[in-house]
Amino acid sequence: MGRYAVRRLLQFIPVLIGTLFLLHYLTTLSFQFNGNPVRALFGDRQPPPETIAALTRAFGLDDPCLSQPGNPCVGMFVERVGGYLRGDFGVDFNLQPVTDLITRAAPVTLRLTLLAIVFESVVGILAGVIAGLRKERFADNLVRISTVLVISVPIFVVGVLTQIIFGLYIGNWVRDRTESETMEAIFSISYQSDHPWASLIIPSMVLGATSLGIIARMTRTELIESLRSDYVRTARAKGLKPTRIVGIHALRNCLIPVVTLIGIDIGGLMAGALITEGIFNIPGIGGLVFRSVRTGETPIIMAVVPLLVLVYLIASLLVDLLYAVLDPRIRYE
Amino acid sequence: MSSSSPVTEAPGAIPPETPVRGRGPTSGSIWKDARHQLSRNPVFVVCSLVVLVVVSWALFPQLWTSLGKLECDININRTPPSWFPGKTQPGYDADLDGYVLGTTTLGCDMYSQIIWGARPSIVVAVIVTAMTALVGTTLGLVAGYYGGWVDTVISRITDIFLGLPFLLGAVIFLALLKSQSIWAVILVLVVLGWTQMTRIVRGTALSLRDQDFVEAARAMGATNGRIILRHILPNALAPIIVLCTIYVGSFIAAEATLTFLGVGLKPPEVSWGITIAQGQDFAVAGFPHLLVFPCIVLVVTVLSFILMGDALRDALDPKGR
Amino acid sequence: MRHISLLGIVVVALTPMLNGGTLMRRTKKWLSLVPLTLALVLAGCSGGDGGDEPPGGGEPDAQAGGAFSVSSSEPEAFAPTSNCYSSDCSQIINLVWTGLLQVDPETSEQQLQMAESIESEDGQHWTIKLKDGFTFNNGEPVDAASFVRSWNYTAYGPNATQLGFFLANVEGYDDLQGEKPKAKELSGLKAADDLTIEIALTKPFSQLPLVLSYAPLGAPMAQACLDDLKACNEQPIGNGPYEFSEPWQHNETITLAKYADYADQDTAGLADEITFKIYADLKTAYRDFQAGSLDIVTPDPSQTPQARTAYPDQILEVDSGSYAYFGFPLYEEAFSDVRIRQALSMAIDRQAIIDRVLDGRFIPALDVISPFVPGSREDACDTCSYDPEAAKALFDEAGGIPGNKINIWFNNDGGHEDWVQAMAQGWKNDLGLDYEFKSQPFTPYLAALDTRSTVDGPYRLGWLPDYPSPQNYLDPLYGAGSTNYGDWKGPEHDQFLELVAEGDAAATVEEGLPAYQAAADVVLDNQIVIPLWFGKTFIVTSENVENVEYSPTNQLLLAEVGVTS
């Protein structure tokens, strides 16, 4: 297993370099064909050319190959990756180091992701189990319909409606009746830096809603599957209590793929936070990248996106290893 | 499409270790069974009717509305229909005749905007799904069947795109493209959407290639191409079709989400995403009808595709009987 | 001799008019009725004379103390201040720094702050004398060196400041540019003694004080700040009425408290604490306001109708100085006939678009100079009112447009789609003209405009002035080295340039007005652009605050805001 892990870790390198080069080439092409994003900083004003030149230089966008459409700028790419190895990730358009921006934004997004995962796994698995046990009955249909509904309503609509209902209507009702700051933070409209966990609870529910639907559906299918299996039939024949059958035998087995799904979801959630973060004014990774693609701040895109890919790769490796631990039938060599 | 893309197992996919039995396309009993089962499933019937209606909006909008795409009058904009419940903002309470669903932010007839908006939404979803299926199936079959270095290369490339979070990736690609035509949206959705299909088809192909019937075909001297096309593909078809149905729904929603984020389609194009994006800000600030109507249409359509996929999967899954 | 005249103190009790957002129409005459809040500022600026006035004297309800919160976007930078270019950012700079002078939002009169006097014999060599006794938050004195230090840093090319080019007409600026500049300091800038700054320009420029009144440019810089810019950016060292009470919480909050050692009690702030809550999306800010956790907010345009209904008496609507227009690619044959340009202008129902699509946040433009600066007129443009019949007649008389179709150019990341579509639909209805949108994000849009050949139809642009002068609405838009993307040239353009130069050379802004107005007439008579509308602020305030005032150059005058509860 150790050798397997090392081999997988080594495979990260080409994937990361591939991602970096893909982003590098895209941003380069964008610069070459769409023009210098520095000019747009000045809006409707026309700054003198030397000002543009000085800013372009300061942002590291003065490589002559950027004025040759189609040129992949390999030299610039090598320089960039060299900088990354030295820990230099460049600066944004306000001359702030990108590393600073990431260290500020990442903890917020991590907290949000963690809460979303707790929410989606607890509620998702619970709903899936209820639906699976009451197959084809009211509870099952309710869970099935509501989970599909959650998947099909656009997340920005869910987000804004949640914000207005919980933050404004219920929130105002709560604020009139409680002195507890934590309660007020939970039902606040936007992120409160004084309550870094409480004010993220409702946003995390919005973020986790989509995956919740998928988890519930998967739990349901897997549970129904394992309830039909031979070992459950054996357990029944032995006269074990139904709660024990479901809790120990059926559920434990069917949770393996669900756990896999949740593990891999971490990376997706961190990036999927884009819309949720925007609606609830959460200063996280998603907002950072969204801002950078609009302004053309290449260094931010080039640093954050590979980071998210790395999170995804590590998460899927861990899940694969966990799989081998949980399921003795799987062996890696 | 869900913002959390890296899902190893699609909600509608048949687990790869349970391949559909059968020897090539001639043994269509599973399809016959499925057809029989589906025609008696009310959910499937209703959903297909919805899909038919929406497709007819996309193909022949003039059959459904006499108004043109951009016949609008800003002097009656944002007006809810007279039957719509709730308080109306002052100045936007004109009593409109003939506007069953009220007017949009620019004073167009909401009903005809929804009809006209079906085409780009459906076109994007269908083309993207078709391209995704083509790319994903080809790569998945090749990777799964040949294995070895071919598999390694394809899998690593898949990793790059799978690791790119779907929504974020789409926003970055579209922002960098700086083109907001329907083709740019399609291109970006295909580029980011093929990975899941590849993974699932690869898994199916992997589990099929050592099966007895494949071994037998090989022993009889069939070429690799023939084995893939005649033996592996037909057996992988069921999960592909299920996934495609769900994809159409997901990509309709994806178009709306990208448009909402300002990187999707742009006016004067008319699409559901645009109508929702234009109206949603005002909708939550006193003009709910601007969001309610297009959103209902969007959700019902997406829901229909997903439920259709669900029913298809149940019907095609031999274990489900 | 150009001594900045100091305005006498005129106190007229107009407080009721300021509460509740129904502001009087702005008057442009000097020494007209000056609202009470301004009297405070004036008192502070009149040197020794005003010092006798008790702070807030005669003001019944603008009490000191309390705390309030304001919505803001994430500022760009505070060290150096010259990297701060958004209005939200310079609004904070206005509180944390005090510059040499500011411009009265009502009268456009110059009011000295750190400066004791700003004088020049010839408009080219300037002497600025500073007041004594002011200190930075860290105890350093605010002296001539602190201003020179700030401007040298700003102008030095490799520092890549956003506003460096504002100092381009100071002697020696060119030597500081390029990758390896010849010099590190502006040769035309000297601290003659502790309290005297001498500036030499390359040519006479009477508006230098106005340029220096721009807060991010005019703010001094402490030596400690230059020594450690990174630390100073997080915990700025200013000299204004407020200071950062805690380091900058990026993307979250900025909390200011009164600076205890601020030397001029007359311009000191009223509230004890001001919190800026930073939002990436205005819509969330307004919902926070609805939930009671914000006091002053600028709602998203889409929330305007709801805010008008919900808070009719708490809205502050005044000129914001912004100006929206469509330019013409004059190099294109189709737009070379002035009648075509006039017809297009007259076929826009500005009032209807403002009322229905833009929710009344603008006023139709009948001039190219915003109403808030002196010299603006209400009837300068004959062809800017809606007249579909006349437009159609002119359009047909001129032979229409080849192909009967135009491309409309605008950037699609600024929320312009709706009104552009309404405008284009009007052209289609009134002139029978087909249209196509050539919309793209701002960067490629500007790149296309910069070519001065790619753009083949009317293009959208907007303008926000740097300083309140009619000159700032003319030269940067149509002059040489300006955003003259339509490539306007020929005898009329020469005439325009001459008139602007005549205005620049006048002894005072007042005396220059006729020339500036004549220059504006040249633009309008030839319909070089289609003036559309001038912006108004739309600020909603809670009942906790009063005396909320706005000026296009200084944004919200937050130091004067009082807290009622």
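A residue counts as buried if 20 or more other C-beta atoms lie within 10 Å of its own, and as exposed if 12 or fewer do. I keep that cut-off at hand for these entries on a predicted model.

**Entry: helix α8 of chain B**

I looked up helix α8 of chain B, residues 212-219, with that cut-off in mind. How many of its eight residues are buried? The count is zero, so by the cut-off none of them has 20 or more other C-beta atoms within 10 Å. The helix is hardly covered. I then checked what follows α8(B) and found G221(B), with a positive phi near 90°.

**Entry: cis peptide bonds**

I went through two cis bonds, one in chain B and one in chain C. In chain B, P267(B) and P268(B) are joined by a cis peptide bond with omega about 5°. Where does P268(B) sit? I placed P268(B) in the loop between α9 (224-260) and α10 (272-283) of chain B.

In chain C, the bond from A79(C) to P80(C) is cis, and I noted its omega as near 0°. P80(C) belongs to the loop between β1 (67-72) and α4 (87-96) of chain C.

I picked C73(A), which is not a glycine but has a positive phi near 55°. I found C73(A) in the loop between α3 (49-58) and α4 (74-85) of chain A. Is C73(A) buried or exposed? I counted 21 other C-beta atoms within 10 Å, so C73(A) is buried.

Next came N404(C), also not a glycine, with a positive phi of about 50°. N404(C) is in the loop between α14 (388-397) and β15 (405-411) of chain C. Here I got 10 other C-beta atoms within 10 Å, so N404(C) is exposed.

**Entry: D379(C)**

I located D379(C) in the loop between β14 (362-364) and α14 of chain C. D379(C) counts as exposed because it has 9 C-beta neighbours inside 10 Å. I also took the C-alpha separation of D379(C) and D367(C), which is 7.1 Å. The two residues are 12 residues apart along the chain.

**Entry: strands in chain C**

Strand β8 (residues 242-244) of chain C runs antiparallel to strand β9 (residues 253-258) of chain C, and three bridges join them. Which residue of β9(C) stands opposite E243(C)? I found A257(C) there.

β9(C) also pairs with strand β10 (residues 273-278) of chain C. That pair is antiparallel too, with five bridges. T253(C) stands opposite K277(C) in β10(C).

**Entry: chain C as a whole**

Of its 565 residues, 56% are buried. I then took the contacts in chain C with a separation of 6 or more; residues 24 or more positions apart account for 69% of them.

**Entry: chain B against chain A**

I looked at the contact between chains B and A, which takes 36 residues from chain B and 47 residues from chain A. On the chain B side, α5 (148-163), α6 (166-177), α9 and α11 (289-316) each supply at least two residues. Which element gives the largest share of that side? It is α6(B), with seven residues. By class I have 23 nonpolar, nine polar and four charged residues on the chain B side.

**Entry: chain A against chain C**

**Entry: nonpolar cores**

I turned to the largest nonpolar core, which has 256 residues. A170(B), V171(B) and L174(B) have the most contacts inside this core. α9(B) gives the largest share, 19 residues. Why does this core lie between domain 1 (2-88) and domain 2 (101-326) of chain A? Both domains give residues to it.

I listed the contacts of V171(B), leaving out residues up to four places away in sequence. V171(B) touches F290(A), V293(A), L261(B) and V263(B).

Key: Residues are numbered from 1 along each chain as its sequence is written. Chains are lettered from A and ligands numbered from 1 in the order in which they are written. This is a predicted model: local features need pLDDT of at least 70, side-chain atom pairs count only at pLDDT 80 or more; totals for chains, interfaces and linings use all residues. Helices (H or I, at least four residues) and strands (E, at least two) are DSSP runs, numbered from the N terminus. Two strands pair if DSSP finds at least two bridges between them. Two residues are in contact if their C-beta atoms, placed from the backbone, lie within 7 Å. Ala, Val, Leu, Ile, Met, Phe, Trp, Tyr, Cys and Pro count as nonpolar, Asp, Glu, Lys and Arg as charged, and the others, Gly among them, as polar. A nonpolar core is a set of buried Ala, Val, Leu, Ile, Met, Phe, Trp, Tyr and Cys residues joined through C-beta atoms within 7 Å. Domain bounds come from an automatic or database domain assignment.
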